[in-house]
Amino acid sequence: MRTPDDTTLTDSGLAAPQDGPGKVLIIGCGAIAREILAVKSANGWDHVDLTCLPAIYHNHPEKITPGIEAAVAEHRATYERIFVAYADCGTGGMLEQACERLGVEMIAGPHCYSFFEGNAAFAERAKDEITAFYLTDFLVRQFDAFVWRPLGLDRYPELRDTYFAHYTKLVHQAQTDDPGLAKEAKECAERLGLAYERRLTGYGDLTSALTRVSEA
Amino acid sequence: MSDDEDDIILSELETDELVLQMHDDLYDGLKEEIEEGVNILLERGWEPYKVLTEALVAGMTIVGNDFRDGILFVPEVLLAANAMKGGMAILKPLLAETGAPRMGKMVIGTVKGDIHDIGKNLVSMMMEGAGFEVVDLGINNPVENYLEAAAREEADIVGMSALLTTTMPYMKVVIDTMVEQGIRDDYIVLVGGAPLNEEFGRAIGADAYCRDAAVAVETAKDFIARKHNQMAAG
């Protein structure tokens, strides 16, 4: 399965394959499409297909639950099993309720920052880290589309401290060991006026969640 | 909204036109122009409360409506709020002197573990604009902060804000503590924040969930009116 470019994942997501659907469909967030495909490829899960909602829903969580409901309805008849590759992701419990109603599983935890780091480890650290601003590899690459432009900092740079005055550091949760991306993340921190910290997380709880559904 | 503000001299406008121009300037986030407009209206003999309601709050209502309708976005609302803040800074001491009507008192803060305050600040400002006295507790507030401030200030309303799914359950901690202490019914409890919804507000025992700052103001007014009616009836 070919991975679309980041801009396409941001704006349009990823369509499900038209030919020869597998047994399992993962309906995920476009922001973690690369990571899901990497895990799928590493494990040789040819029976698993992926479709993604636009990653920019990260900034509009109210669109996530209806988007998932529509995608499950569209693909339900074609697949034996559907898995939702989202955590709560700002839906305030609405996505969990929808998944229960639809009879599909989802990723545990509050958001991708948490499951990439491992939900238990993230929760343990969270109380001492409330002034951290997190970016995953995808969000580093798409920093302008997800942070800079939506906050209007391209047009009104004077608003930076209105948004970030209470933050102290940017934590780059690196899924891959990529020095070029680390450099970009450091530049993001400088643009926001924050200290920089890099934390190599790998795929965290995402791998176990996908394994559970793909090898069941 | 308008493209040719540079040519407009505020002091030369008729008062009606000036107020409309101030609505435009507020919409465009022009703080200096708002401050100038407020001073002109005061010089022309307007009561501070009239300036506040007819020039500033009415202008921010347009901003709030366009935000709700997806015409304006957060950055523009923040700039408008910043402009209104400039006008409010001039009016606040005058409002206290001139005995403007007081709607009630609100203690508001972002809950423990959460540092996000943009929405909370907008609510504070709009509540002040609507005639409420607001005590802003800032960010990362444990239950003690809310309860001590509410008692100390003899508040009518306790407002709680959270942006994170992980911090919004703390609102229930605050409300449960109020129940344990037998003081829950002493206050109107309003909650808000991006991941919240009406169902969550009901589930934790809040009086209301407020979708945005404008809704918070209307909800607060409604509850205060009910409280007064109950007192009158009782």
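Colleague: How many residues of domain 1 of chain A are in contact with domain 2 of chain A, and what makes a pair count as a contact?

Modeller: This is a predicted model, in which local features need pLDDT of at least 70 and side-chain atom pairs count only at pLDDT 80 or more, while totals for chains, interfaces and linings use all residues. Residues are numbered from 1 along each chain as its sequence is written, and chains are lettered from A and ligands numbered from 1 in the order in which they are written. Two residues are in contact if their C-beta atoms, placed from the backbone, lie within 7 Å, and by that criterion 15 residues of domain 1 of chain A are in contact with 14 residues of domain 2 of chain A. On the domain 1 side of chain A, α1 (6-11), α2 (33-43) and α5 (112-117) each supply at least two of the touching residues. That side divides into six nonpolar, five polar and four charged residues, where Ala, Val, Leu, Ile, Met, Phe, Trp, Tyr, Cys and Pro count as nonpolar, Asp, Glu, Lys and Arg as charged, and the others, Gly among them, as polar.

Colleague: Where do the bounds of the two domains of chain A lie, and what distance separates their centres?

Modeller: The bounds come from an automatic or database domain assignment, which divides chain A into domain 1 (6-113 + 203-214) and domain 2 (118-200). Taken over C-alpha atoms, the centres of these domains of chain A are separated by 24 Å.

Colleague: Why are β2 and β4 of chain A called edge strands?

Modeller: Helices (H or I, at least four residues) and strands (E, at least two) are DSSP runs, numbered from the N terminus, and two strands pair if DSSP finds at least two bridges between them. The four strands of chain A form an open sheet in the order β2-β1-β3-β4, with parallel pairing. In that sheet β2 (48-53) and β4 (105-106) of chain A each pair on one side only, and they are its edge strands. Strand β1 (residues 24-29) of chain A pairs with β2(A) in the parallel sense over six bridges, and A:C29 stands opposite A:L53 in β2(A).

Colleague: What makes one face of α9 in chain B the buried one?

Modeller: In α9(B), the residues B:A213, B:A214, B:A216, B:V217 and B:A220 are buried. Seen down the axis of α9(B), they fall within an arc of 160°, so they line one face of the helix. Among the elements of chain B that they pack against are α3 (48-68), β1 (104-110) and α5 (118-129). The opposite face of α9(B) carries exposed residues, including B:D222, B:R226 and B:Q230.

Colleague: Why is B:L10 called partly exposed?

Modeller: B:L10 has 18 C-beta neighbours inside 10 Å, and therefore counts as partly exposed. The residue lies in the segment before α1 (15-27) of chain B. Leaving aside neighbours within four places in sequence, B:L10 is in contact with B:L18, B:Q21, B:E33, B:E36, B:G37 and B:I40.

Colleague: How many residues of chain B are in contact with chain A, and which helix of chain B gives the most?

Modeller: Here 18 residues of chain B are in contact with 18 residues of chain A. Helix α4 (residues 74-97) of chain B gives the most to the chain B side, with three residues, and that side has eleven nonpolar, five polar and two charged residues.

Note on methods. Buried ≥ 20, exposed ≤ 12 C-beta atoms within 10 Å, placed from the backbone. Arc of directions from axis to C-beta.
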